[in-house]
Every structure is written in C-alpha cells, then in structure tokens.
Amino acid sequence: MKLPPFEYEAPTSLVEAAALLAKHSGEARILAGGQSLLPIMAYRLASPAMLVDIARIPDLRLIRVEEEGLHLGPLVRWCDVERSDEIARHQPLLKQAISHVAHYQVRNRGTVGGSLALADPAAEMPCIAVTCGATLSLYSGSGTRKIAAEDFILGELETELRPDEIIVDIHFPKWPAKRFWGFKEFAKRRGDFALAGVAVYFDQDDAGLVTDCAIGVLGAGTCTTRLREVEQRLIGSRLDSRCVAEAGKLARSKIEPSDDIHASAEYRKALVGTLLERALSSALNSSAGGRAQ
Amino acid sequence: MNIEITLNGTAVEADVEPRTTLADCLRHVLRKTGTHLACEHGVCGACTVIVNGEAMRSCLMLAVQASSASITTVEGLGQGSELSPLQASFKKHNALQCGFCTPGMLTTAHALLSTEPDADEDRIREVISGNLCRCTGYVPIIEAILDAKAAYQNGESASS
Amino acid sequence: MKLRNSLVGSAIERVEDYRFLRGEGTFVDDLDLPHQLYATILRSNVAHGRLINIDVSQALALRGVHAVITAKDIPGEVPVIPMRLQPLEEVKPFRQPVIAYEKVRYVGEPIAVVVAESAAIAEDALDLVKVEIEELPVVADYIVSESDKSLLFEPTGTNLAKRFVAKKGNVDEIFTTADYVRREKLSVQRHTALPMELRGLLAIWNEEKETLKVHGAGKVLFFNRRAIASMMNLPESAVELHENDIGGGFGARGEFYPEDFLIPFASRFTGRPVKWNEDRREHLTAMNHAREMYADMEIACSKDGTILGIRGRVDVDCGAYARSNGLTPPRNVAQFTSGPYRIQNIEIEVFARVTNKTPCGTYRAPGRFEGSYFCERLMEIAARELGLDPVEMRRKNLIPEHEMPYPLATMQHIDPYTNTECDSGDYRITFDRCLEEFNWKEKVKLNGRLIDGRYHGVSVGCFIEGGAAGPRETARIALLEDGNIGVFVGSSALGQGLETVLSQIAADELDMPFEKIRLFHGSTTYVSEGFGSYHSRSTVVGGSAIVVTAKAFRAALRDAAAKRFGCVPSDVELVQDTLVGPRGQQLRAYDLAGEGISVEESFANTKHTYSYGAHCVHVAVDPGTGHVEVIDYVAVEDVGRIINPLTLHGQVIGAIVQGLGSAFMEHLKYDERGQLLVGSLADYVIPSADDFPRIRGVSLETHPCPNNPLGAKGAGEGGIIAVGGVAANAVSAALRSLEVDVLSLPMTPPAIWELIEAKRTAIAANT
C-alpha cells in the first residue's frame, strides 16, 4: 500500500506553517507523528496534495504547569505523557488513559495534537480533553482562537479545525490534589481501538458527598461525549455500591451507539455501564486522594 | 529529495520521493532488506527500526522525516559476524521459525532492554504485544528476551 | 573409538536461524533486479456481476505505466487453475480462470494487471482503470447458495460443487435403537492462515532462450511448474521455479493462485522482469480463506456413554471457485470428524457450495479442526446430559491400542485415502499424561464457579493428526566440489526448520559430521521430481527419502573407493567418513570430491501416519465484557519419533496459539452484498504476545510409526486440531450455571456477552 503522491514541506516556524496551509486551501494537511495520518493515506482514504511537517518548529513539545493548570504542546508524544512527572501529578487521569494507546513503537511518535485533530471516536485523548474540560488554542494566519474541547469535537472524525489552522496548545484546568478519578476501557487486544471506554473524576466534600463530577465516554457513539445526566445524578450523593450500580444503569440508557462489525449497539451500551461501574469502584477503592491506577 | 542518515553507524545518503516511507528507503534504496513489511499500516511491527535510540515503525515514517537521524536496523545489532547476546538468546530458545517477524522483534527488544534493562515479564509482554508473530505463539520469544536481560544489565549490549 | 551420531532426537539449534537473526534472509521482496517492472492487480469490488467493459486508456496514459493487461491480451483461452487435490471431473466447471473475463464472482477477483516503473505508480494507475460491471444477485451465504436461485456458473445449473460422503457401519439402525440421541447445529467461522510474509513473485522471461524463471514459489513447486508451463505453452524444462525464504505457509501459501500465471505472463508480455508484491489489504481478499462450515449433526450413545454413532451433514462455504485444494477441507471433515474416538457407525454428508466470496483452501489441519470441534462439543453435551464425567466419557471412547490399526470412515468416492487407518499408538497414555500435567484433579474443582466476578471452566479433548501423505518424495545426495555433502530434496521450507531437521536425519543416516551437510531445497532444478510440503509430510516422507538415498550414497562411496584401491566394493569398509581398503588403504570420503558422485532415490508412502494426543484448558469468563482469559493450556502429543524436540515444541505452541486465535478472535465477516468487512490487521485480529501467555506442551515418542524407516509421524498440524472444541467446551462449562452453550465460533467478547444476555432475557421473560 504505497502512499499517494504529495509535496512535502518542513517549515521551522508557525508563521511559515500557517502560510503553507492557507496557500494550499484545504489541500494541505499537518504532519505531526503520522501514526494515524500515514495509515489513512496508505489506504488512500485521504490524498492531500501537500504535507506540512511541523516537527522542526521549536517549542511545540513542551509540558508546562502554570497557575491556571497544565499546558501541553501539540507535539507532546504518548511516551512523553508516560514519563512526565508533571502529568502524573497534574493530570493523572490523562496519564492513565494514555497507557491504553496503541503500542510501544507508536507511542514514540504519536502526538496529543494529532489525536485531537483526528477525533477518532474510540481515541483516548479526545475523551480526556472533553471530560476534563480542556481548552484548545488554534493558530492561523489571522491569529489564535481558543475553543473548548467539547465544542471542538463535532462528530466522527470531524472537528472545528479549519483547513488553515494548527493546534498549538492544550490547556487542562487545575487538578485538585484530593480528586478521585478512574479510567476503564475494553479492547479486544491490548493497544487495539477500544470497544468502549469511560473516564470519570469526582470530588467529595467532608461529609463524603460528591460535589463535582465528570464522566466521559469513548467508542460508543459518533464521538466522545459527557454523560451529564449521570453526573447530575451523582452530585450530592454518597457513592456506595447501590449508587454505583444505578449510575451504570443510567449510563446504559443515555448513550446511542450503533452496530458495527466489532460489536452490536446493545453490547456497547452494556459495556459502558459495566466500565462506568468499574471505574467508579476503582476510584473509590484507591487510597485517599484518589490515586487510582 | 536528498536525505542523509547515519545507518548502523555509517553515514549514508539516499534520494527519495516525499512519499517514500523509511521502510522502503531502507529496503530498496539503501538495500538493507532485513527490515520487513507485513502490513504497511502500522499494526504488525515487522518494520520496527531504532531511530535516535527509540523504536519506531518504519512504515509509519517518511524517509524525509528521518533525515539527519541515527538509525539502527537488525543488520546493525550483531557484533561483526558474531550474534549479539540477544540474537544468540533467540536462537537458543527457538524464538523464530519462519524468521519474518524476527527483525522487528529484535529491534524492539533491543530498544527496550537498552533503556529498561530491568524490565519484568509483564513489561516485556506489553511491549512485544505490538509485534505480531504467526509461527511461534510468542512463548519462546518472551523467554529469549528474559534470558538476554543479564547482558544488558551487565552493560554488554550498549545501544547504538 | 567409534562415536555414532545421534543427532536425531537432539535439540539442535536451527542452522537457518543465523541468517534470519542477522536480517540476511532472502525473502522474495528482498530481490531486486535493475530492469524490473512492478505489477499491481486491479481487483473486483463487486461480488457478482457480468464484466461489460474495461477501459485501460487513462491508466496507460499515466507516466511510468508500461502495460495494463486484461483477459483479451491472453492468446487463446484464458487458462484455469488446475485442481491439485481432488481433481474430480465434476468439479472442473467450478475452477477459477486466472483472470476474470466474462463474470466476476468475488470481491478481490483479478480483473487487470498494471505494470509500471514503480510499485507506487502501478498503484496510482489502479484508480484510472475504468471497469463496467453489471451487478448480479449476490450469493451471500451457503443458504442462498443452496437455493440455486442465483448461479455462479450458469451452465452447471447448480451452486453445489461437490458432495462428499464418509460411511462406516450402519447408522440408521443404531440411531433408532440407541439409549440417547442428541442433535445440534454447530458452526466454525470463515478465517484464514494469515502468514506474516505477504505473497510475492519475481518472474524473469528470457526472450532469447524462451525460458522462464520464477522466484517466490513455495510448498508445491513441481506441480506449479507443470501448471505454468502448460498455461504458457512451454515445455516443463523451460520453466524453473525457485523458493526463497518463506515467511510462513500454514497450508495457504504456495498453492496455485491467479498471480502465479499473471506475473510470468506479464514478464513475457513486457519483455522485462516483473516483480509483484501483495499488500495486506489485498491479501485479505486474495489469499485462500478457510474453515467456514455449518454442521447439523447427531450423536448416538448408550447410557453408559459409549458412543455408538455419529451422523449428519456439513455445509461448507467454499467461496467462489474450487481452487487447487479447495475441496480438501470438505472432504476431510467427512472422514476425520470422529477423531481418535472409537465410533463404529458413521455417516457424514458434506456439501461443498460456492458463494460470492474469496475462494477457500487448506489451512493447518483442514477439515480436522472443524471436525474435532463438532465432535468434542457433541460429546461434551452428551456427557452432561447423561450425567457422566466428561473425562470418563473420553477415556472410554478412545480407540484402544489393541484395535490398531483402526480404520476410519470410508470415503464414498475414490481418492488415495478412501480408506485410511490410525496406524499405531496408545491414546490413553497421552490422555492420562495431559490430565496429570494439567492437574485436572485440582482444577476441576473450579469448574462452573464464580470467583472474583468471573466464571471458571475446564475441559479436556483429544485428537489425531493424519500426516505424511504420499505418493512419494525424492532426495539426491552428492559429494560437492568443496568436499561437503549436498543433500537435495523436493520438500519445501516454510519456516518449519526443514534445513535443520533433514540435516540431522542426513547426518545420522550417512554417519557423517553435521557440519559437512549442506541441505538444498526449494528449486525445481535440484531433483528430478518432488511433491512438496503439505499435510505434515516433509520430515516423514522427505526424511525417509533421505534415509534410502543415504544407503545408496554410502554404497556409491564404496564403489568409488574400490576403484581407487583396486579391489571390489564389498572389500571396502566405510567407517563414518573414512573408507578403508582390504590392505589397510585409507581415504576420506571428501577426497573423492570431483568424481561427480551423486545418487537419487525415492521413498513412496501409501499410508498416513497418525500422531495423537490430548489438550486441557482452564478459562475464566468475565460476564460484564464477555472476555475469556486462558489461564492455563496444556498439550501432550505422541509423534512416534522425535527428530528435533526444539523445533517440534515450537510447532506445537505456535499451532495452539493459532487455534486460540481461531477460537476467540479471528473472523472474516461479509455483508449480504458479498463485501468483505474486514480490511486491515486492526479489524482482522490475531493473537498478540499479551493474549495467551500460558501454554505448555509435552511431546512423547512411545509408539513409532510402523510404516516408514524413521518411525516418525507428521506433527506440524496436530497442535491446532483440538483447540476449538476444547476452548468451547471450557467456556460452556464455565457458564453452565447460566445454561449457556457455545455453538458458534469465534467466541469473541461480544459473542459471549450476547449468549449470556440472551439467556438472561429469556429467564427474565419467564419469571
């Protein structure tokens, strides 16, 4: 499966990169790690006339902890997430979710920006970005705009990214030290695309009642979504086993997956409920502070 | 386009199209056919090479992306005409049958043990799960890699 | 002091390994010739239709394209792929033309060959070939096929390519009088061998000499050479086939495919060497599929569990054509479903039907994996319903040693193995040993229990592996110029360690040092005749050919020495590699190099060998996800004589993991329009290192085969045979409390979940 023909440029600045995208209006695509884009091109499902390789642009691979939260550059790779102490402390949910991404070799090249730009419904990065309320910064020749991850992801492989835009920053809000969190996904083999996955975090007050909660689902619809009704159900409750079971049941009724060659819609619904229950249980059963693994 | 890489310790040049993958460049331009293609869509791992010390799927890289990199392929793992400790361990444990996935297994294991010489069986299995084999059933491959750890812990097998 | 070789039986590390470990193997895509062109195949994306028009003009206009070949470029009639096995008259109309010309009958069928300066340009040109196809109703499965409403081959009037029947005893009587009769519908899914190396060919036509050389052959070189020569109107002597290193075969590689004609033809057509390399997406529609079978079968037992008979029918979805060995699996499932069990009354009818899908062929233990699954599931259900211990059920029904040789069912048509019999063995030894290694006594206590949220199950199953198909194999042994001993065989190396194993045999039989042996295989130039590697025959038949040839070679050495010593050959003693004359003259065998000493002999084999054994498995089922973990898997088999325990063990483990992939993961799904829904290795899921970590095997050699000089039995396929049945039985045992019975493979997580859910819904509806 040889690649279709294309032109290749490797600019050394964002200005240059944006100009190339603008010049080729819709016919040029950003090349980051290439771990999703190249297979798509090998199958000739996409044949961009030009690839703009942003690997040589400096400072796109930074991980920064600021007052307002954690910032990731678009070229941060999965292996960087794995090894980063900052991410372990300031976005442990991301770290755990990313441990499910692909395999060793792909993890040395695949990037957070690339995954967000693709918006595969079964991918972990979009799910965590949406669940945790991340904000993306999109750069183009006309400036930088910010957009919430939830607004950025429109549907299956569909985003708000305009043809002349580049993701330059992903900002995760500050993560409270005492937060509980859990991530469970189920795939046929380790590293395969998930049949479904659930990301959850919650905070508790001194009485042990849930004060804040977010639940994100991947792989069970056209794109990653938050289960807001289930979140509302949990807020103000004590998370005992009965509550967990109810959450699972409610979750099953709130998603609308379709049948595909891997699984039926019924299976995915049931799976999401099961994974939510297991994610909540593992979050609860971890030591204080919610450092669930 | 002209690219320059250091291949198995030697500086080489290649003239490639942008669409030429690193795998095809290694195999058919630089004539190092030890790196194999078994899927060309990044699932099987047979094409794994080591780029600047990190294992990567060469079918998911353009040759032009590898310009000025230092690359090690399976041909660069041995020591002269001797088998490296990792290669000898594969032979001892019958960790190959048809030999087609073997180069990818070796480069992956070498990259792993070079950076994590204390990797336990679970970690080895986790990493090798990205390399498909149809002949051996993997049991002897894991055994061979475990048996080769000592050489990396002793510093016998420095990564290039 | 005389030290006899005893390499046979030793765990010799493989000689092949050195080059593979250094990345110095030569697989066909590693070959590049300076003036070669590259071919790609345009394949049908319609499952059934009439080919109306092919417009190649745009493709030809693309810079770098040299030719676009279609059926009309082939002079005379379009050749058809011959049947290598079961070459039956009635099957002839169902054979595949090497390129589509009137109709297309499956997605993936070759329509045109593009030849260009590079593989990338050839692929670019594919989109530019415009094909007009008038779609016809799709025969999407065996049920539609059976109705004969839409025919793939109109002149035949049917979609039934062949009906096979295997019979023994008198089923009708036994089924009316038996204490217990149980009928069930069971199915195995369509899947495929999926070797890691894709197919490839490099064809070199020599215009001046009118000769053809083809690289990339395998498995059955001599048959394929005969076929290509005939199709291209060449004498066989003008065609050479060469085998390179091969990345796995498993029964699928090496059979005659359309490309085996098209690429040589393209070379002659363009006057340049032509190289073709399959890609993985193409492979999923182009390489033989396998195993899609639907059984409706009954078992009859007395109430103590003695099996009295089995009868039933099996519908086999053979895909669009009967291709080279496509009828072998249907034929085999009829004869081998009874496995290692003493079943005196059998009648199994098998319908080999064509459908608009990729043609099928053999995949490791063809028809045997499927038959074992059907038989083991029926036995397990019978044991449960009769209230019997499944272990005792099997033990009492295993063919006893005193009944060896034991005849299997007779095929109701003539082929070399219409009648076949299990040759030798005590099946209870491997059975009991397996239970012991597995620790059945302890593990069975977990059966059906829910522990930490998962249901546990165990099961045991038994198998026989038929091997060593005839008719014969040839070996040539020659003293080479450099003093080494060349051993030339017609067998093919597909990754099974052939070079090492046959070298061990040669070194032992010649009583010469292992290091002096040079094993040559995989070229039609090496021996005058060969049959190849399939049906687990290379070690037995190829090895036995070496045994007889070695005797002749040692005699030839004594003849040559006698001339030098001036005496008669009977006065010459050959002690290992030293020849000694009557007056004490001495000569090393290697000193006779240059005299052209070369002998060629054959070993003919008319009787199958039967390895046999048992497998045990312990599984845990997660009802929330449907995932099954294989906690422990133990295999014990007896192969008559172990030539190399290292390579044998490797084959067994590899076969078991393939079998677990078949049982739990792999599935080539089609939709009702005949479109293959699986297009990549992300969708066609085979086991990875993480999936089945705990597999153990023990090999025994208690009962040598009486029918060949080595005493060996073919052993390359046995590891896969029992896996489907054993795995399905363990999962069913685990889910006993939910009353779930596995009937169809594969047992993917969603499939298991759905079985559980269906029962839960049914119970809820009834309460």
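Student: What joins strand β31 (residues 628–638) of chain C to β32(C), and what makes the two a pair?

Tutor: In this predicted model, six bridges join β31(C) to β32(C), and the two strands run parallel. One residue-level example is V634(C), whose bridge partner in β32(C) is R696(C).

Student: In which sense do β30(C) and β31(C) pair, and over how many bridges?

Tutor: Their pairing is antiparallel and extends over ten bridges.

Student: Which strand does β22 (residues 454–467) of chain C join, and in which sense?

Tutor: Strand β22(C) is joined to β30(C) by 13 bridges, and the two run antiparallel. Within this pair, H456(C) has A620(C) as its bridge partner in β30(C). In general, the strands of a sheet pair through backbone hydrogen bonds, in either the parallel or the antiparallel sense.

Student: What is the order of strands in this open sheet, and why do β21(C) and β32(C) stand at the edges?

Tutor: The five strands follow the order β21-β22-β30-β31-β32 in chain C, with mixed pairing. β21 (450–451) and β32 (695–700) of chain C each have a single partner strand, so one side of each is left without a neighbour in the sheet.

Student: Why is strand β30 (residues 609–621) of chain C called mostly covered?

Tutor: A residue counts as buried if 20 or more other C-beta atoms lie within 10 Å of its own; 13 of the 13 residues of β30(C) are buried, and the strand is therefore described as mostly covered. The burial applies to both faces: T609(C), H615(C) and V621(C) are among the buried residues on one side, and Y610(C), C616(C) and A620(C) are among those on the other.

Student: Which residues touch the most other members of the largest nonpolar core?

Tutor: This core has 405 residues, and those touching the most other members are V200(A), V114(C), V487(C), I656(C), A727(C) and V731(C). Helix α15 (residues 538–565) of chain C gives the most to the core, with eleven residues. Leaving aside residues up to four places away in sequence, V731(C) touches several residues, including V619(C) and V621(C), as well as V628(C).

Student: How is chain C divided into domains, and what contact is there between domain 1 and domain 3?

Tutor: The assignment gives domain 1 (17–25 + 475–604), domain 2 (32–139 + 194–286) and domain 3 (424–468 + 608–767). The C-alpha centres of domain 1 and domain 3 of chain C are separated by 40 Å. The contact takes 15 residues from domain 1 and 17 residues from domain 3 of chain C. On the domain 1 side, α15(C) gives the most, with six residues. By class, that side has five nonpolar, nine polar and one charged residues.

Student: How many residues do chain C and chain B bring to their contact?

Tutor: Chain C supplies 45 residues and chain B 44 residues. The largest share of the chain C side, eight residues, comes from α16(C). The residues of the chain C side divide into 20 nonpolar, 13 polar and twelve charged.

Student: How many residues of chain A are in contact with chain C?

Tutor: On the chain A side there are 18 residues, in contact with 22 residues of chain C. Helix α12 (residues 265–285) of chain A provides the largest share of the chain A side, four residues. That side comprises eleven nonpolar, two polar and five charged residues.

Student: How does the radius of gyration of chain A stand against that of a compact globule?

Tutor: With 293 residues, a compact globule would have a radius of gyration near 19 Å; chain A has 19 Å, so the value agrees with the rule. The C-alpha trace of chain A spans about 60 × 45 × 30 Å along its principal axes, and buried residues make up 52% of the chain. Chain A has twelve helices and 14 strands. Its assigned domains are domain 1 (7–53), domain 2 (63–173) and domain 3 (180–285), and the C-alpha centres of domain 1 and domain 3 of chain A lie 36 Å apart.

Methods: Residues are numbered from 1 along each chain as its sequence is written. Chains are lettered from A and ligands numbered from 1 in the order in which they are written. This is a predicted model: local features need pLDDT of at least 70, side-chain atom pairs count only at pLDDT 80 or more; totals for chains, interfaces and linings use all residues. Two residues are in contact if their C-beta atoms, placed from the backbone, lie within 7 Å. Ala, Val, Leu, Ile, Met, Phe, Trp, Tyr, Cys and Pro count as nonpolar, Asp, Glu, Lys and Arg as charged, and the others, Gly among them, as polar. The radius of gyration is taken over C-alpha atoms; the globule rule is 2.2 Å times the number of residues to the power 0.38. A residue is buried if 20 or more other C-beta atoms lie within 10 Å of its own, exposed if 12 or fewer, and partly exposed in between; C-beta atoms are placed from the backbone. Two strands pair if DSSP finds at least two bridges between them. A nonpolar core is a set of buried Ala, Val, Leu, Ile, Met, Phe, Trp, Tyr and Cys residues joined through C-beta atoms within 7 Å. Domain bounds come from an automatic or database domain assignment.
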